[in-house]
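Please look over the structure shown here and read the report that follows.

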Amino acid sequence: MTIYFFYFFSFLIISSSILVISSNNAVHSVLYLIFTFFNSAILFLLMNAEFLAMTIVIVYVGAIAVLFLFVVMMLNITESEIKEGFLKYFPFGLILIAIFISELFLVFNFQNFPIPENVKINVNEAMLTESSNTKLIGLFLYTDYFIIFQISGFILLLAMIGAIVLAQSDERKLKSTSSINQKKVRKKDIIKLN
Amino acid sequence: MIYIPEVFMSIGFLIILIISVFVKKNQNIVLGYLSLLLIFLTQFFVLKDIFLFEEIFNNFFVIDSFGSFLKSVILICAGFVIYFYIIVKNDSSLNRSEFSMIILISIIGMMLMVSSNDLLSLFVSIELQSLALYILVSFSKEDFNSSEAGVKYFVIGSLSTCIFLFGSSLIYGLVGSTNFSEISQFMSDQYSVPLLLVVGLIFILVSLSLKISAAPFHMWTPDVYQGSPSLVTAFLSTAPKVAVFGVLIRVLVYPFGEIIVDWGKILVILSIFSMLIGSLGALRQDDLKRLMAYSTINHIGFILMGLVPGSEDGITAICIYLIFYITMNLGVFLFILNMKRDQLNVTKIKDLSGLYKTEPLIAGCLALLFFSMAGIPPLAGFISKLLILNIVIDNNLFFLAIIAVITSVISAFYYIRLVKSMFFDSPTEELDLLTNSQSKLLLSIFGLFNLSVIFYPQFFLNLCASITLSLFALR
């Protein structure tokens, strides 16, 4: 039963991601992208990974896709600009697709894909002992994989510093009044009654 | 007690980050000196444990002499770049407290890269390093070229990340573990190596060659080298290359050592393409930084050639080549940093003309460096090229050796063209003289080093041979 669901949702993912790059309106593209994210979350649900499914919905749909939507609405790109150079790059893309598909076909068709035995974290075994998926992820993330977690923290710190470097400018170009000056203003200086 | 240099460096970085908040706006040099101090101390910790072997952090990282040696080389590169930052008068856009911070954090990433023993930790540390480099490349906001280079580098870098992840997911799906020692165990248990593993390795190889700009994955290099600030280019062309070569050697030799037949061919193709494009592409360049980009591609091809046999001697030769390569590159970029006319940076080749008449010492040192890059006999570049060619011929790869010699003759042409322009052309407009004596001194030291290596090549040979022993002996 699960396998049919898998094929159904994978089909939805592939068709909606084709629609992402082929639709004329940029806002529609982003909406299709959100649909793709939802479907991939469902794929995780089918594999009993409810925490990952929720994370995908929260992070990708909630944060990234909404940010995309804002950017697309602000940029105001016309249709012709997006389609520009499509024909020029199309043959090259076709060659790339052909290479990838033939490679994957070669790999997966001529040998059956064995399920490895000595997996570091055996999901099925872990599921039997501890029923909660979220609890297990937390357990592994903060014990076995803590150094990866720490380095990811460093990446986030670096992203913060980088955003400050790229966005902050030294001289104030905006014509705004400083809040200190605003507080100094007295009513009798401004309003005059004749 | 885990007392590894990376942990020390990270803690030191955080402390300097806190100090940077309290430093006044026009005193960023203080932070440069602090970073230099931190790099010195970390260097001490690296060298203290250079002969230690230990698997740490739940087998995610490994300390061995090969890793420690590369860490020390990376630290030296970064130390020089930060020293350049201190002594050379920079553009106003580089005068921010964050500059040395980001260099420090990228070094942490590189040090983690060369010591990682697992695909997962390798991925995370490559991300840490390359995110820092994207920011560095687009550092000067006023310059349009810098932002363009930043976007290009970012797009290419994300593509390389995707390819890496895809390859590692294939390997994980087959092996059931991302750990190098378990992948190696899996390979030795198998009767015949599955095709899927080879495909995964090819993906990882492509991703790493995007990072070292080996042709045909070199497209971004000239634009990024030209667009980014010269100081950043100096960093970009030295330290990350060393780190990625460390990763490449570790990944190919240790877990995938059994399928050398498969990756050997790929490396041959990569190195032939890199040498050809690196030498032919540079012929028509008129910008010194673009020319250095093509020269880097050429050198990368040469270095990759040493890895084709996958033997101990080859890796020794690669280590020696990397040391000499960074001294040559840092020297040339130190000069480029000082190339100014009316307080503005110029990087055209014709600006070099007549340098000999105004600055004979500098012109001499620069000529030494260029000759060394071309591989003219008594200099350092010659020794490293000789070692690599020796390895290649020993392994009966004659066609590779012939291509290498031909391309290095072609590349000698454009290096000599630079030297000719310095010594024999009449000057068009004079450059500003090198105002700081420290740059002069440092440039002469680089030149002298390249000249004098011929008297003690045995030192480097013994050092690198004992280093690479750890990669093979302990496993």
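Ser177(B) sits in the loop between α6 and α7 (180–189) of chain B; helices (H or I, at least four residues) and strands (E, at least two) are DSSP runs, numbered from the N terminus. The model is predicted, so that local features need pLDDT of at least 70 and side-chain atom pairs count only at pLDDT 80 or more, while totals for chains, interfaces and linings use all residues. Residues are numbered from 1 along each chain as its sequence is written, chains are lettered from A and ligands numbered from 1 in the order in which they are written, and side-chain values use heavy atoms, with hydrogens and water left out.

At 1% relative accessibility, Ser177(B) is buried. Buried means under 20% relative accessible area, exposed over 50%, and partly exposed in between (1.4 Å probe, protein chains only). The side chain of Ser177(B) reaches the backbone nitrogen of Asn179(B) at 3.1 Å, and a polar contact of 3.2 Å joins it to the side chain of Glu182(B). A polar contact is a pair of N or O atoms within 3.5 Å; within protein, one must be able to donate a hydrogen and the other to accept it, and residues adjacent in sequence count only if both atoms are side-chain atoms. Leaving aside residues up to four places away in sequence, Ser177(B) touches Tyr172(B), Glu182(B) and Ile183(B), where contact means heavy atoms within 4.5 Å.

Some backbone features also fall in loops. The loop between α8 and α9 of chain B holds Pro216(B), which is joined to Ala215(B) by a cis peptide bond with omega about 0°. Ser213(B) is also placed in the loop between α8 and α9. Its phi is near 55°, a positive value in a residue other than glycine, and Ser213(B) is buried, with a relative accessible area of 0%. Asn396(B), in the loop between α17 (380–394) and α18 (398–423) of chain B, has a positive phi near 60°. Asn396(B) counts as exposed, at 55% relative accessibility.

## Salt bridges

A salt bridge is a side-chain nitrogen of Lys or Arg within 4 Å of a carboxyl oxygen of Asp or Glu. The count over all chains is 9 salt bridges. Three of them are listed here.

| Arg250(B) | Asp64(B) | 3.1 Å |

Arg250(B) and Asp64(B) form a salt bridge that links distant parts of the chain, 186 residues apart: Arg250(B) belongs to helix α11 (residues 239–253), and Asp64(B) to the loop between β2 (61–63) and α3 (65–87) of chain B. Arg250(B) is buried at 1% relative accessible area, and Asp64(B) is buried at 0%.

Lys152(B) and Glu148(B) lie 4 residues apart in helix α6 (residues 144–175) of chain B, so about one helical turn separates them. Both count as partly exposed, Lys152(B) at 30% relative accessibility and Glu148(B) at 33%.

Asp223(B) is partly exposed at 25% relative accessibility. Salt bridges with shared partners join Glu148(B), Lys152(B), Asp223(B) and Arg290(B) into one network.

## Contact between the chains

In chain B, 41 residues are in contact with 33 residues of chain A. The area buried between them is about 3,300 Å², with carbon and sulfur atoms giving 76%; buried area is the accessible area (1.4 Å probe) that two parts lose on being put together, summed over both. Between the two chains the count is 0 salt bridges and 1 residue pair in polar contact, both at pLDDT 80 or more.

On the side of chain B that touches chain A, α1 (5–22), α4 (98–115), α5 (119–137), α6 and α8 (195–212) each supply at least two residues. The largest share, 8 residues, comes from α5(B). The residues of this side divide into 27 nonpolar, 7 polar and 7 charged. Here Ala, Val, Leu, Ile, Met, Phe, Trp, Tyr, Cys and Pro count as nonpolar, Asp, Glu, Lys and Arg as charged, and the others, Gly among them, as polar.

## Nonpolar cores

A nonpolar core is a set of buried Ala, Val, Leu, Ile, Met, Phe, Trp, Tyr and Cys residues joined through side-chain atoms within 4.5 Å. The largest has 195 residues, and those with the most contacts inside it are Phe13(B), Ile107(B), Phe235(B) and Phe256(B). Helix α14 (residues 312–338) of chain B gives the largest share of this core, 19 residues. Not counting residues up to four places away in sequence, Ile107(B) touches Met9(B), Ile39(B), Ile74(B), Leu75(B), Ala78(B) and Phe235(B). A second, separate core of 6 residues includes Leu33(A), Ile34(A), Phe37(A) and Ala65(A).
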